[in-house]
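Here's a quick tour for anyone opening this one for the first time. Have a look at the structure below, then follow the notes topic by topic.

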Amino acid sequence: MTESPQLAPSPLDPASRDALAELLLSVADDEFVIGFWDSEWTGIAPMLEEDVATSSIAQDEIGHAKALYEMLADLTGNDADAIAYGRDADAFRHAALLNHARGDWAFSAARRYLYETADAVRLEALARSSDPSLAALAGKMRREETYHMLHADAWLRRLSDGDGEGRDRFSAALVSLWADAQEVFAPLAAEEELVRSGLLTEPMRAMHAAWQTQVRPILEPICGELPRHTPSLDGRTRRTDDFRWLHAEFTSVHRSEAGAQW
Amino acid sequence: MTDRVWEVFRQEDDGDPMIHAGNVNAPDDELAVHYAREFYSRRGESHRLWVVPREAITELDDPDLLRPPFDRTHKKPGGYVIKHKLEAARQRATAEAGEGD
Amino acid sequence: MQYACFVNESADTIQPLNGRPPYEAGDEEAFYAHVGSGGKVEADDWMPDEYRAAVLKFVEMHANSELMGVLPERDWIMRAPTLRRKLALTSKIQDEVGHAQLLYRVAEDLGKPRAQMLADLLDGKTKFHNVFHYPTRSWADVGIIAWLVDAAAIVSQQALRDSSYAPYARTMKKICWEESVHIMHGRDVVLTLMNGTQSQRDMVQEALNRWWGPLMQMHGPPTDPARDKDLHWRIKAKNNEQLRQEFLSIYVPRLLELGLTIPDPGLAFEPDEGRWHYTEPDWAELKSVVTGHGPASQERLEFRRVSFADTQWVRDALSGGAAAAA
């Protein structure tokens with residue numbers, strides 16, 4: 001159940017509304033899925049203190065997803081929980097970076113770093129969106145994400161310092177995740193409309209370029225030269241067995257009793 | 001892993017005193033601050049935190065220094081009990097005023 | 001700030017309140033008199049070895065229980081059926097990990113390193129509370145555990161806020177405050193199910209049927225107060241039976257008012273005696289369970305061992321790199 005009252009669909013024209021819906025869904029699904037994978041560390045992180053920190057970050061992501069689903073629900077006359085829990089796996093629109101299970105600590109840390117840096121670029125643009133609610137929400141999210149970025153950066157440094165196992169694992173994880181990381185900037189179907197209306201202040205490929213410029217100097221000293229990739233057309237539609245497993249798990253109780261309250 | 005302990009002090013609201021809240025293990029200063037935030041403000045319950053390595057704290061708990069045995073009541077409000085004297089003075093003043101009628 | 005002065009109304013002078021003289025290091029009799037009459041002990045104070053060992057054992061088991069207590073509910077983080085429930089459940093379990101940290105910190109300051117405590121737990125040398133040795137089978141278990149298991153725990157924990165060992169007492173105040181939120185979450189989950197479909201209500205009753213036995217065993221068998229050192233030294237302030245009675249008095253009515261049946265035909269309140277009668281719990285089962293023979297004991301300890309082993313490289317990486325950070 002959403003907390004905000006059901007509003008009539010927004011007064012935006014239908015093309016803009018559909019474009020905004022697609023944008024919101026992509027960001028919401030990213031936050032939702034990464035929140036799921038990282039919340040799996042609750043109880044089993046390397047140290048108790050770190051366990052609590054990682055869980056907070058994962059919960060923040062779910063909180064962001066919830067706010068985004070609620071905004072989407074208001075826009076389309078729907079219900080946030082129905083959007084989150086009522087779709088099939090193939091209807092999810094998260095970036096391929098989030099298709100992977102959490103892996104070991106280095107894998108999660110590497111994915112977290114890649115996601116946080118990309119998300120920061122995206123959020124900075126969304127905070128200037130022509131839609132005031134979206135701009136405000138993005139601004140709020142950025143304030144929480146500052147802490148996420150500090151934490152992701154702290155772990156990048158700790159794992160990549162020295163020549164030991166930490167560096168090897170982290171480096172290998174970066175290399176294996178690199179191609180899928182580009183997909184945070186996968187082109188959206190309605191991108192032209194989004195840019196035209198100012199909902200998105202610049203196209204995804206411009207954000208992608210900015211992100212590359214920012215992260216290569218930090219990552220390449222750790223894992224060597226990273227290949228050039230452009231985001232793919234199916235960057236937000238291709239799924240994996242890992243995600244299908246996740247989807248089956250997280251919908252299991254919700255689906256056990258159609259329409260029930262929980 | 002060689003952990004050290006950091007003590008955490010928190011302030012509930014702007015202007016309140018810093019109060020000792022607990023402690024965290026961490027490998028270094030930077031993560032100690034992250035963890036202090038988690039344990040003492042993840043619910044938004046603190047306005048400010050001080051995160052201090054345990055070895056930076058000097059403890060004094062000698063009762064001879066803190067609560068020495070000789071009378072120090074002249075240093076505290078409770079050392080000036082005027083109830084009886086005030087009562088006596090009021091009675092005298094009232095009586096004098098009555099005599100003067 | 002209190003300006004504590006004892007004013008003797010009938011005297012001309014007032015007497016300062018200095019408190020009792022502290023006990024001398026090594027004076028066991030004075031120490032036990034101090035704790036027995038409500039005095040407090042800090043981590044750096046001198047204490048008899050027996051007292052130190054008793055507090056450590058008590059706190060260590062508590063810490064272990066919080067850590068193992070994460071596992072029964074952890075699976076359900078993944079399956080929580082709404083966004084809000086997912087947040088609430090993850091937050092609750094996070095709190096339990098936090099409690100483990102707080103308690104291991106208290107224990108560590110008594111002299112036992114955390115790594116040693118974790119190793120002893122995983123080797124089966126130290127114990128954790130019975131309720132965490134049982135499997136969870138449905139979403140209703142999540143509600144029942146968060147509500148009733150946490151409630152039974154909070155009844156103990158409130159009594160511990162006055163423990164003679166001050167660092168433990170202070171920690172218990174923080175823990176009680178945090179646990180009160182868990183109970184509200186648990187009760188909300190149960191209420192939502194009870195107001196839902198028949199099969200949801202059946203799910204709750206079924207969960208309660210399975211959990212009632214372990215709940216009744218949770219506070220432990222009645223002990224002889226005269227021989228209970230933890231009571232004497234005020235490490236804990238109430239005995240097991242008092243805690244169980246308190247739990248029943250609060251929670252039996254709250255269960256019955258929802259239309260649930262408590263699976264103990266012998267459960268009844270005797271007004272003349274002012275206490276609950278109940279079918280004697282199976283103390284042999286309790287003993288067997290806490291020594292590692294519960295239905296999920298070995299599986300959970302093994303899960304912990306594997307996760308701990310899987311992350312050893314991280315702790316090792318931090319040892320080497322600590323100086324290089326920031």
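Let's start in chain B, where Val8(B) stands opposite Val51(B), a residue of strand 3. Keep in mind that this is a predicted model.

- Zoom out and you get an open sheet of 3 strands in chain B, in the order 2-1-3, with antiparallel pairing.
- Strand 2 (19-26) and strand 3 (48-53) of chain B are the edge strands, since each pairs on one side only.
- Going from one strand to the next, the twist averages 30°.
- Chain C gets involved here too: its helix 3 (residues 83-108) packs on the sheet and touches strand 1 and strand 2 of chain B.
- The direction of that helix makes about 90° with the direction of strand 2 of chain B.

- How much area do chain A and chain B bury between them? It comes to about 1,200 Å², and 58% of that is on carbon and sulfur atoms.
- Three residues stand out on the chain A side: Glu49(A), Tyr147(A) and Arg158(A) supply 46% of the area chain A buries against chain B, more than any other three residues.
- Each chain puts residues into the contact, with 13 from chain A and 13 from chain B.
- There are 3 salt bridges across this interface.
- Arg158(A) turns up again in a salt bridge, its side chain meeting that of Glu30(B) at 2.9 Å, N to O.
- The interface also has 8 residue pairs in polar contact.
- On chain A, helix 2 (48-76) and helix 5 (132-160) each supply at least two residues of the side that touches chain B.
- Helix 5 of chain A gives the most to that side, with 7 residues.

**A loop residue in chain C**

- Thr279(C) sits in the loop between strand 4 (275-277) and helix 10 (283-293) of chain C.
- Is Thr279(C) buried, partly exposed or exposed? It counts as partly exposed, because its relative accessibility is 47%.
- Leaving aside residues up to four places away in sequence, Thr279(C) touches Asp264(C) and Gly266(C).
- With Asp264(C), the link is a side-chain polar contact of 2.4 Å.
- Gly213(C) is 66 residues from Thr279(C) along the chain, yet their C-alpha atoms are separated by 9.9 Å.

Conventions
Residues numbered from 1 in each chain as written. Chains lettered and ligands numbered in written order. Predicted model: local features only at pLDDT ≥ 70, side-chain atom pairs only at ≥ 80, totals over all residues. Heavy atoms only, no water. Helix = DSSP H or I, 4+ residues; strand = E, 2+ residues; numbered from the N terminus. Buried < 20%, exposed > 50% of the residue type's maximum accessible area, 1.4 Å probe, protein only. Contact = heavy atoms within 4.5 Å. Polar contact = N/O pair within 3.5 Å; in protein donor to acceptor, adjacent residues only side chain to side chain. Pairing = 2+ DSSP bridges. Axes fitted to C-alpha atoms, helices over the stretch in contact; angles between N-to-C directions. Buried area = accessible area lost by both parts, 1.4 Å probe. Salt bridge = Lys/Arg side-chain N within 4 Å of Asp/Glu carboxyl O.
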